[in-house]
Every structure is written in structure tokens, then in C-alpha cells.
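Here are a few notes to go with the structure below.

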Amino acid sequence: MDLLSNLTEGFQAALSPQYLLIAFVGAVLGTFIGVLPGLGPSATISILLPVVFAIGDPVGAFILFGGIYMGGLYGGSTTAILVNTPGEPSSVVAALDGHQMSKKGLAGPALAAAAIGSFIAGTLGTIGLMSIAEPLVDVALRFGPTEYLALLIFALTAVVGLGGRASRAAFSLFLGLVIGTVGIDFESSQTRLTYGIPEFFDGINFVVAAMGLFAISEVLLALAAPRQEGGPTTAKTGRLYLNRDEWRRSRGPWLRGSVLGFFVGILPGAGATIASFMSYSVEKSLSKTPWRFGRGAIEGVAGPEAANNASSSGSLVPLLVLGIPGSATTAVMLAAFQGFGIQTGPLLLRDNAYLVWALIASLYIGNVMLIILNLPLIGLWVRILRTPVELLYPLILVVCILGAYSLNSSVFDLYVLAAFGLLGYLLRKADFPLAPLLLGLILEPLLEVQFRRSLSGVGGDWSIFVQSRLTLGIYAATVLFLVGTFFLRRMAIRAAEHALVEPHAPAEAEATPDHDVNEKGPR
Amino acid sequence: MTPAKRFELAFTAALVPISVLIFWQTSHIGAPVRQLEVSPRMVPMILAGLLVACALLVAAECWLPWLRARAAHPGIEKQGHAAVVEAPLFGDSEDEGVDDSVSKRTLTVITVVFLAAIFALEPLGFLVTATALVFSLSTYLAPRFFIRNAVVSVVCIALVSLLFRELGVHLPDGILALP
């Protein structure tokens with residue numbers, strides 16, 4: 001079978017010593033940044049882009065990024081459970097019950113439930129990615145420019161609809177799209193919004209923009225915020241395995257979380273945070289003992305962590321199949337593809353199958369590495385939280401300067417870096433999401449090319465946009481989606497509220513001590 | 001009014017004229033020499049027009065509730081004035097005011113040091129500039145540990161410089177360049 005032979009080739013590449021080492025480095029680096037609050041996979045990958053361009057190996061680069069992406073999710077949940085400090089927004093849910101378990105001396109089982117759930121979800125998510133990718137490519141190859149444009153509009157609408165406050169997300173998106181028009185127009189050679197600055201003729205470098213928006217703004221926010229003295233206090237982990245009852249309780253949430261997370265992850269803009277909250281709400285609704293949630297229910301850790309991880313595989317589907325990223329991290333990965341001169345879109349799987357299958361195989365391998373890394377090295381990861389921020393963040397500034405300078409040996413790029421850093425800081429302070437801005441910046445050239453291709457050859461007749469049934473179908477889906485996000489947003493808010501509301505336990509349950517509620521099972 | 005709210009109101013208000021300015025600038029993008037179905041200014045103007053619409057929406061979402069609340073409780077306006085006279089310059093509580101001025105000062109220092117490092121990068125070189133940046137910021141944020149900061153700055157920058165040189169990244173030598 002093609003699928004198996006492709007996967008075999010992918011494993012042959014990914015299991016080479018050089019790529020195994022890179023996968024390991026990515027997993028460690030990803031866990032490291034996942035542990036640290038604030039700096040996420042998107043900022044880290046954007047900082048590393050100049051480095052990987054300098055190395056010049058796209059397969060190695062994407063294996064590294066895959067490791068960082070998944071490692072970030074593992075690392076975030078470790079600190080969420082142990083010290084109630086989620087390293088990533090998607091790990092907030094793990095803190096709800098995970099930290100409660102930790103306080104009862106059950107940190108080890110909580111961490112094991114999270115790690116095993118992430119492994120299962122990552123594996124199932126990767127199978128899902130493999131299974132869906134090739135059939136979807138066949139569909140996508142039938143797309144013309146009008147269909148592709150409609151799909152891009154759908155994706156950007158989804159990002160706005162699901163990415164925080166819709167009006168602010170829309171502003172960020174259009175700001176990114178406008179910034180994406182800066183440069184020389186490819187058809188007419190007319191300069192656009194360059195202000196006579198030659199360095200702008202090729203447009204704004206998205207690597208510099210991504211580093212400024214995510215990494216520099218994070219440094220400014222972190223260092224300018226009031227800081228607390230002393231490091232976090234940690235609970236002891238205890239046994240790092242699950243007993244029979246804990247396995248039984250976790251099985252269902254792992255599987256449900258994996259499926260839910262994968263399909264939520266496919267939606268542009270939805271992301272791991274929404275997936276984890278929805279999973280928590282589902283598990284709480286399905287549980288016969290919902291009053292245990294919020295007090296140390298292992299299901300409240302197992303399901304969300306599985307959903308979290310599966311969504312990262314799901315989010316790779318639109319990126320690899322259509323060349324449409326749905327999140328900041330996949331947007332930076334798209335920038336990496338473009339930086340290596342790799343054509344993204346439906347032809348990626350045909351023309352660069354080796355790269356894609358090596359990446360997919362490395363996700364499997366990365367999952368195995370992460371489960372091995374995370375459980376025994378928990379003490380080390382928690383100690384990382386004690387790294388003085390006054391040393392860490394200035395070093396991050398230096399790496400950003402290095403990275404931006406290395407692209408063109410240009411000081412001008414550093415001023416652009418600073419400008420985007422300040423812009424990112426101001427936008428974040430005013431509660432504007434940054435991912436739509438970066439998506440707009442990266443996708444504007446593609447959007448404009450498809451728009452122009454649609455109109456060329458038909459004498460500029462705009463009715464071309466509504467002639468194809470497939471195009472009309474996609475626009476109809478966009479409108480339905482916009483309506484649906486209103487309800488989806490309310491559902492997500494209710495899921496978050498539901499996660500935080502403690503239902504009343506029956507009198508007999510309250511009468512019994514709950515410190516071993518996971519050990520003894522339901523009453 | 002908290003400093004965060006004040007910032008939000010000012011920022012969202014500023015977005016409107018900035019967006020209008022961007023739209024005006026896109027309308028001045030030159031026409032192409034030859035006839036094209038899509039002129040080079042069409043897409044930027046459409047996008048900038050939508051940007052203006054979003055800026056107005058965001059400003060309305062932010063300002064209207066605040067204005068309505070003010071109009072609904074005019075009595076608080078006078079009390080608010082008295083409270084403002086007595087309260088510190090930034091913020092409703094003393095702690096918030098102190099926190100906000102500390103964070104503004106820290107932000108200013110970080111920005112100035114960062115820009116100075118960019119300016120000095122090529123003349124002074126990467127090693128000198130980066131070491132000075134890390135040492136100055138870490139000592140500003142944690143002055144008690146200046147010896148630790150100095151040692152870590154020198155060691156980390158040397159390691160980072162070596163690593164990037166091995167990766168083939170060219171770094172300016174500046175004043176350390178061999179004659």
C-alpha cells in the first residue's frame with residue numbers, strides 16, 4: 001500500500017542517527033520552552049528559523065520543529081500539574097485537577113495520565129493525519145483559483161471567529177494583510193507602502209516579523225510585569241505509574257480526547273486550548289461523579305491532555321494538505337517551507353513526499369522520546385522554572401538580534417524587529433491576538449495571487465467568484481461557520497465555566513474522605 | 001479608571017486615525033503603466049478599507065459601554081474627580097500606581113538598551129554589544145547579583161557566538177576585529 005510504503009520511507013529517514021538526534025534536541029527544547037511560562041512553540045520556532053536556514057536542511061528543520069511543537073505541550077502540563085503554573089495556555093485545564101491530585105500526593109499518577117494520554121493522542125493524531133492527508137490532496141488538486149481563494153477566506157474567517165474577541169482578531173488579521181501588501185507589486189512593479197525605503201521593496205520579512213511579534217513582545221511583557229521573589233514550591237511526585245483503577249478511569253478520556261482534539265485541531269484558529277476545555281467539559285458531563293472534577297479527578301487530566309496533543313496533529317492537516325496554516329505555530333512552519341523554497345499547497349505531498357513523511361514519522365518517534373524524557377526528568381523540568389528571568393529574557397533578546405541579523409546581515413532588519421516587538425507588545429496589552437496578524441502577513445501574497453488569477457482571463461468579470469458550485473459551497477460554509485462560531489464561542493465559554501464550577505456531591509460522597517477518591521473508585 | 005483601561009481606551013481610539021491614514025496612503029499607490037485587470041492599489045485599498053471598519057468597530061465596542069456608564073451615573077463623575085485628585089497619578093490604588101510606573105520605567109529602559117544595542121552592533125561588534133546588553137539589563141533588573149550577571153553574560157555570549165559561527169552565521173567583529 002502507498003500509505004505503508006510512504007511511512008516506511010519516512011521512518012527510514014527519521015531513524016537515521018542524525019535525525020534521531022535532531023528529534024531529541026527538538027523534544028528537549030520543546031519541553032524546556034513548554035515549562036517556561038510565556039515563551040511558546042511559535043516564538044521558539046521563529047527564533048530558530050534563521051539558524052535552520054543557515055544549516056540548510058529542510059528535513060532536519062521540520063523534524064526539529066515537530067519535536068518543539070509536541071514538546072511544548074508536554075512541558076506545559078508538567079508545570080501545570082506540579083506547581084499550578086501552566087507553561088502554555090492549553091495546559092490551563094491540566095492545572096484544574098492535576099494540581100489538586102498533586103496536593104494529595106498523587107502528582108505521579110497525574111503526570112503519568114498526562115504523559116500517556118499525550119502519547120496515545122499523538123500516535124492516534126498522527127495516524128489520523130496520515131489517513132486524511134492523501135485523500136484530501138486528491139480533492140484539493142481539483143481546486144482552481146476561485147476555490148482556493150474561497151478556502152483561504154474560510155480559513156481566515158475561522159481564525160477570526162475562534163481567536164478571541166472577533167472584532168480585535170479581525171483588526172489584527174486585516175493589519176497583517178495590509179502589511180503583507182508592502183513591497184513591489186509582482187505584476188505592475190509598482191511600489192506599495194514602501195515610503196521610498198529600498199529595504200521594503202521585497203516586502204516585510206516574515207521571520208523578522210514573527211520574532212518581533214512573538215518573542216520580543218513576550219520579553220517586554222515578562223520583564224515589564226511586576227515580579228515575585230522566590231521560585232515555585234513543588235509537590236513531591238510519588239509513584240510515576242497508574243494503578244488498575246486509574247488506568248480504567250483514563251482509558252475512555254484518552255480515546256475521546258484524542259478524537260475530539262484531532263478534529264478541533266483541523267479547524268483553523270481553534271487550537272489546543274479550545275480542544276482541552278471542550279474535552280474537560282465532555283468528561284465532566286459524561287462522568288457519573290462530576291463532583292470530583294476540580295478536586296483531583298484523573299479524568300480531568302487524561303482527556304484534556306489527550307485533546308491538547310491530538311489537536312497539534314490535526315492542525316498539521318490544513319498546513320500540509322492545503323498550505324493554509326491555522327495557528328501561529330503552523331504559520332511560522334509555513335514561513336519555514338517558503339524560506340526553503342518549498343512550494344506549499346496540495347502539491348507538497350506529491351513533490352516533497354520524502355519531507356512530509358519524514359516529518360510524520362518523526363512525530364511518532366518524538367512522542368516516544370517525550371514520554372521517556374518527561375516522566376523520569378520531572379525534577380529537572382521543575383527546576384528550570386527557577387531560572388532567573390533577568391538572565392533568560394535578555395539572552396532571548398540577544399538570540400533574536402542574532403537571528404534577525406543573520407538573515408541579510410542588515411541592521412535595518414533589527415529596527416524592523418524592534419518595531420514589530422513594540423507593535424506586538426501594544427497589541428497584547430490591549431488584548432488583540434497576534435496569530436491572525438502573522439497569518440494575514442504570510443497569506444496575503446497567496447490570497448492576492450489567487451484573487452488576480454481568478455480575474456485574469458475573464459476580463460475582470462467579478463461574477464467568476466460565484467460561478468463554481470464548489471466555491472459557492474465554501475462561501476456558504478463560511479457563513480454557516482460564522483453563525484456557528486457564535487454558538488461555538490458560547491459553548492467554549494460554558495465549557496470553561498463548567499470546568500470551574502464545582503457541582504455539589506451527593507451527601508454520601510461528601511461524608512467519605514476524598515483523598516483517595518481515585519484509588520477506591522466510585523461509591 | 002485603571003491604567004489598563006486608560007491604555008485600552010487610548011489605544012483603540014488611536015487605531016481609527018492610523019487606519020484612515022493607511023487607507024489614504026493605499027489610495028495614493030501609483031497606477032500601472034499598462035492596463036491590468038486588477039490594479040496594484042485595488043487589493044491594498046480593499047484591505048485597508050476593511051481595516052478602517054474593524055478599527056471603528058473595536059473603538060465602538062470599547063468606548064460606547066464606558067461612555068454609557070459615565071452618562072448613566074453622572075454623580076460618580078464628581079466623586080470620581082475628587083477621587084482622582086486624591087489618588088496617585090497612575091491608577092486607582094497606590095499599589096497599582098507604583099506597579100504601573102515601575103513597569104513603564106522598566107519598559108523604557110529595555111527599549112532604550114535594545115535600540116542602543118542595535119545601533120552599536122556593527123561599530124562595536126556582536127561580542128561587546130551583546131555582553132553589554134545582557135549585563136546591563138540583568139543588573140538593572142537584579143542589581144544585587146551583578147557579579148553573577150557579569151559572569152553569565154560573558155560566558156553565555158561567548159558560547160552563543162561560537163555556536164552561531166559554527167553554523168556559518170556571520171557576526172560583526174566591530175572593535176575586536178583584527179587589523
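A definition to start with: a polar contact is a pair of N or O atoms within 3.5 Å, and within protein one of them must be able to donate a hydrogen and the other to accept it.

1. Please bear in mind that this is a predicted model. By that rule, six residue pairs are in polar contact across the interface of chain B and chain A, both residues being at pLDDT 80 or more. The interface also has three salt bridges. One of them joins the side chains of B:Glu8 and A:Arg165, at 3.9 Å from N to O.

2. On the side of chain B that touches chain A, at least two residues each come from α1 (3–27), α2 (42–72), α4 (94–124), α5 (126–141) and α6 (146–166) of chain B. The most come from α2(B), which gives 14 residues. Sorted by class, this side holds 47 nonpolar, 11 polar and seven charged residues.

3. Now for the extent of the interface. Chain B brings 65 residues to the contact and chain A 61 residues. Together they bury about 5500 Å², with 79% of that on carbon and sulfur atoms.

4. On confidence, the model has an ipTM of 0.86 and a pTM of 0.80. Chain B averages a pLDDT of 82, and 82% of its residues reach 70 or more. Within chain B, α5(B) has the highest confidence, at 94, and helix α3 (residues 74–86) the lowest, at a mean of 44.

5. One stretch calls for care: residues 76–96 of chain B stay under 50 in pLDDT, and the model gives them 21 contacts beyond four places in sequence. Where pLDDT is low, predicted coordinates should not be read in detail.

Definitions and conventions: Residues numbered from 1 in each chain as written. Chains lettered and ligands numbered in written order. Heavy atoms only, no water. Contact = heavy atoms within 4.5 Å. Buried area = accessible area lost by both parts, 1.4 Å probe. Salt bridge = Lys/Arg side-chain N within 4 Å of Asp/Glu carboxyl O. Polar contact = N/O pair within 3.5 Å; in protein donor to acceptor, adjacent residues only side chain to side chain. Helix = DSSP H or I, 4+ residues; strand = E, 2+ residues; numbered from the N terminus. Nonpolar A, V, L, I, M, F, W, Y, C, P; charged D, E, K, R; others polar. pLDDT = per-residue confidence, 0-100.
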